[in-house]
Amino acid sequence: MPYVGKSRPKASISARVIKADGTIVDLGVIAGEGKKEPANEEKGRKGRELLNKLFKKEAKNGR
Amino acid sequence: MAADVVYCVDQGLAITTDRLLATPTVLSPHWVHWGIGTTPAAAINTVLESPGAEARTVGTDTVETTTTTGDTYQVVGTITCAGAGKAITECGLFNHLTSTTGYLYLRATFDVINVNVGDSIEFTCKVQYTNPA
């Protein structure tokens, strides 16, 4: 969803997760301007897939 | 699934105008925080819905160019998960380290990002000042 309210500044939030072991997962724009762009959606999808995979692996290892 | 919404909130507009004064009375909004609240961001927000126990962290603020020269205020800040794992769904920019002093400038809500202790999220927050369409 783009920013709401035309008189307000446009905003966006991007995120990169840095795992404790140093692995970096780029999620791209997670809210605001640019989130719905196809390239960003693809980056976000791949990033979340990797993140969930790492998270499940950690849960399995009791972390 | 949290709604992906980001707002420069009402207090944020007030921070902006104050910072235009020859002698601003408030600090720049470059403290980053996160939380687990899922109620979509709204203009009237003054705090995060459910902030994490971690302290706000100082971000690096710069002026960037998105469309016209110098139209974008950017803060890059990193928070590290402590205590217990969390499902992060919101973040915000504040103009002070502590919750009892200072104001919310921006709040965003988004899909869950799971973090374990020791994991960090680097947030890049961009606010572009532009003429209404």
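A residue is taken as buried if 20 or more other C-beta atoms lie within 10 Å of its own, as exposed if 12 or fewer do, and as partly exposed in between, with C-beta atoms placed from the backbone. By this criterion, 43% of the 133 residues of chain B count as buried. The model is predicted: local features need pLDDT of at least 70, side-chain atom pairs count only at pLDDT 80 or more, and totals for chains, interfaces and linings use all residues. Residues are numbered from 1 along each chain as its sequence is written, and chains are lettered from A and ligands numbered from 1 in the order in which they are written.

Helices (H or I, at least four residues) and strands (E, at least two) are DSSP runs, numbered from the N terminus. Chain B has one helix and eight strands, in the order β-α-β-β-β-β-β-β-β from the N terminus on. The radius of gyration of chain B is 15 Å, close to the 14 Å that the globule rule gives for 133 residues, so chain B is as compact as a globular protein of that length. This radius is taken over C-alpha atoms, and the globule rule is 2.2 Å times the number of residues to the power 0.38. The C-alpha trace of chain B spans about 45 × 30 × 25 Å along its principal axes.

Two residues are in contact if their C-beta atoms, placed from the backbone, lie within 7 Å. Chain B gives 32 residues to the contact between the chains, and chain A gives 27 residues. On the side of chain B that touches chain A, strands S1 (5-8), S7 (104-115) and S8 (120-128) of chain B each give two or more residues. S8(B) gives the most, with nine residues.

A sheet includes strands of both chains. Two strands pair if DSSP finds at least two bridges between them. Five strands form an open sheet with antiparallel pairing, in the order S2(A)-S1(A)-S8(B)-S5(B)-S4(B). Its edge strands, S2 (24-32) of chain A and S4 (60-64) of chain B, each pair on one side only. Strand S1 (residues 10-18) of chain A runs antiparallel to S8(B) and is joined to S8(B) by nine bridges; A:Arg16 stands opposite B:Glu122 in S8(B). Within chain B, five bridges join S4(B) to the antiparallel strand S5 (residues 72-80), and B:Asp61 stands opposite B:Val75 in S5(B).
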